[in-house]
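Hi,

Here is the structure I promised to pass on.

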Amino acid sequence: MISDRALKAQLKENKERGPFTDFIHFPTWFLGLIGDQGTYQEAKFDEDAEKVVSFYRDKGYLRANVGVPELKDSVDSNDKKTRWVELKVPITEGPRYKVGSFDVAGNTIVKTEFLKPLFKMEAGEFYGEKKIRKGLEKAREVYGTGGYMDFTGFPDYKFHDDPNPNEPEAPAALKAPEAPKDKDAAPVVDVTMRMQEGQQFFVNRITFIGNTTTRDNVIRREMRLVEDGVFNTEALKFSVKRLNQLGYFKALEGKPGEVDVQKVPNETNKVDVKLKLEEQNRNQLTFGAGVSEFEGFFGQLSFQTANFLGRGESLTLSMSAGSRAQNYSLAFSEPFLFDRNITGGANIFKADVRYIGQFTQKSSGAVVTMGFPMSGFSRMFFNYSYERVRVTEIADVYSSPDVLARNPFLRDSLLLGVGGERTISKVVPSYVYNTVDQPIFPTQGKRFTTSIDLAGLGGNTNFYKPMIEGVWFLKQNNRLTLGMRAQAEYIHSFSGSKELPIFQKLFLGGEYSIRGFDIRTVGPADPLTGLVLGGNKSLLFNFEEQVTIAGPVRLIAFYDAGQGSRPARCCRGRPRMCRTTARSLPSSSPARASTGGTSRRPRASKCASSCRS
């Protein structure tokens, strides 16, 4: 038996809405005022009836039936504008069936022993139509990879409690005595999936419309379908996802006309594939002034394009000068170097960053990048960078005799006595697996990154720094997306580098780390002054709920937490571990409006520091 409450939950168009009675039921009553909820819609009752029948069939009630609804007037509202009615829906449940046997028939291309496990239907369990639907989806994917785009299937039932029409009924006097039946035993049904495979299709032509800037070969190289090849429906889905990841066009979301597959006239087994694209302006010329958590007040002039001249190349030229930072960079990236699926890029930069109350970091250098595909959505990258970094304008608190006495490593970390300069030459191999659907406003997918910085190929700073990061986006509906991120880092010096420079130590805080804390303010600190000195280990967790308001406007509620730690070599006797943890509290963190991901400070946060023996 199915409860009335469970059945009412299946009704989507004809939900009940009673008059306001008390404040306990106020939320339900208020939601009923939105739209047509609570209004009887006779034209849409058939849709609700189908949902109820589908719900029953998922539970094994294969003979369930919904009758004609009965309406009964109840009462009018005081203003006579609303009439309350009582809707009575007759339902015939029928028996709940168990599966006697399950088989597949009509298949000639794919073997039965491969198809049957897709449905996860076992003899002796209650029948569930949801398993049939999911199994058909998986079978459609299997056949689609071979070009059988017209494949379909349906379940054929043989009920054990039905009389056999091929056997004439014997006279009552000649009937054999029936065996006693178990009243609690469920009736049995044999299920046979009838497969209709159709014919195999091939690709005739692939065309693109709407790409007014992007060259045809830039799009075509992302396609995993080829002309005159098998029409692989899964390869088409894969190609659409790759095009969305480029960010050159508005996302293809399956709307009518976006991806059009048409059978070729006068051809028995060929199709034309047409993709309707809409260019996005990926060329940005920016100039102006503003304020940010990282740069303070600043002026900026930059040109950036992710699709340079429609060739898919990325070019960035930027200059910014502010009260806390000055940055100059020239970067270029080619995703298909030498017309092969190899990423190549270079970046030349110069930056001066003033960390208030700490020091000024001046750096200049260059980075060269190469990337190679590993599989569909994973790539291997190799970066080489050469960088010269100077630490100047060190705050007086760092040179305090008491602070230096408690932290004897600090002098080397600040590069005191060695000219305040370090040269870093490092190689960074990294692996990236990325199925995130869109680069700007992601709604679903995941990204895993692991890398290790190996510094010591030249220069005078030697260390290794492994990092692992996972990012997940879960689409809840068209407006809500849950985002999660976890990251762990570790850094350790070796071979002649006595102490890591302070700019290589691990800190947390800032709009790309723990929102609500200033940049580089979360980490192991001097126990008396609270001066943050950085650590060699860090953990970071970010959670956020994105709400799409309109267009590019997003409302984001977030919760961040992290911890940094280091060996407390400042302590005499046995080594201790010093750590700092921080989190931004969700209860008092207001949502923030965003058009691209810039964070806002939450109203309240909590931080704690401790040392453990």
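Before the notes, one definition: contact here means heavy atoms within 4.5 Å. Helices (H or I, at least four residues) and strands (E, at least two) are DSSP runs, numbered from the N terminus. Axes are lines fitted to C-alpha atoms, for helices over the stretch in contact, with angles running from 0 to 180 degrees between N-to-C directions.

Some housekeeping: this is a predicted model, where local features need pLDDT of at least 70 and side-chain atom pairs count only at pLDDT 80 or more, while totals for chains, interfaces and linings use all residues. Residues are numbered from 1 along each chain as its sequence is written, and side-chain values use heavy atoms, with hydrogens and water left out.

Three strands make an open sheet in the order 5-7-6, with mixed pairing (two strands pair if DSSP finds at least two bridges between them). Strand 5 (98–105) and strand 6 (152–159) are the edges; each has a single partner strand, so one side of each is left without a neighbour in the sheet. On average, neighbouring strands of this sheet are turned by 20° against each other, direction ignored. Strand 5 pairs with strand 7 (residues 188–196) in the parallel sense, over 6 bridges, and Asp103 has Thr192 in strand 7 as its bridge partner. Helix 4 (residues 112–119) lies across strand 5 and strand 7, at about 140° to strand 5.

The loop between strand 5 and helix 4 holds Asn107. Is Asn107 buried or exposed? It counts as buried, because its relative accessibility is 15% (buried means under 20% relative accessible area, exposed over 50%, partly exposed in between, with a 1.4 Å probe and protein chains only). A polar atom of the Asn107 side chain lies 2.7 Å from the backbone oxygen of Val110. The side chains of Asn107 and Thr112 are also joined by a polar contact of 3.1 Å (a pair of N or O atoms within 3.5 Å; within protein, one must be able to donate a hydrogen and the other to accept it, and residues adjacent in sequence count only if both atoms are side-chain atoms). Beyond four places in sequence, Asn107 is in contact with Thr112, Leu115, Tyr143, Met195 and Glu197.

Next, a helix pair. Helix 3 (residues 45–58) packs on helix 5 (residues 129–145) at about 95°, with the axes 6 Å apart. That makes the two roughly perpendicular (65 to 115 degrees; under 35 is roughly parallel, over 145 roughly antiparallel and the rest oblique). Ser54, Arg57 and Asp58 in helix 3 meet Glu129, Lys130 and Arg133 in helix 5.

Now the interior. A nonpolar core is a set of buried Ala, Val, Leu, Ile, Met, Phe, Trp, Tyr and Cys residues joined through side-chain atoms within 4.5 Å. The largest has 27 residues, and those touching the most other members are Phe359, Tyr398, Leu410, Phe463, Ile502, Phe503 and Leu533. Strand 15 (343–355), strand 17 (378–392) and helix 8 (401–406) each supply at least two residues of this core. Another core, of 22 residues, lies apart from it, and includes Phe102, Val104, Tyr148 and Met195.

Finally, check the loop between strand 14 (325–334) and strand 15, where Phe338 sits. Phe338 has a positive phi near 55° without being a glycine, and it is exposed, with a relative accessible area of 68%.

Cheers
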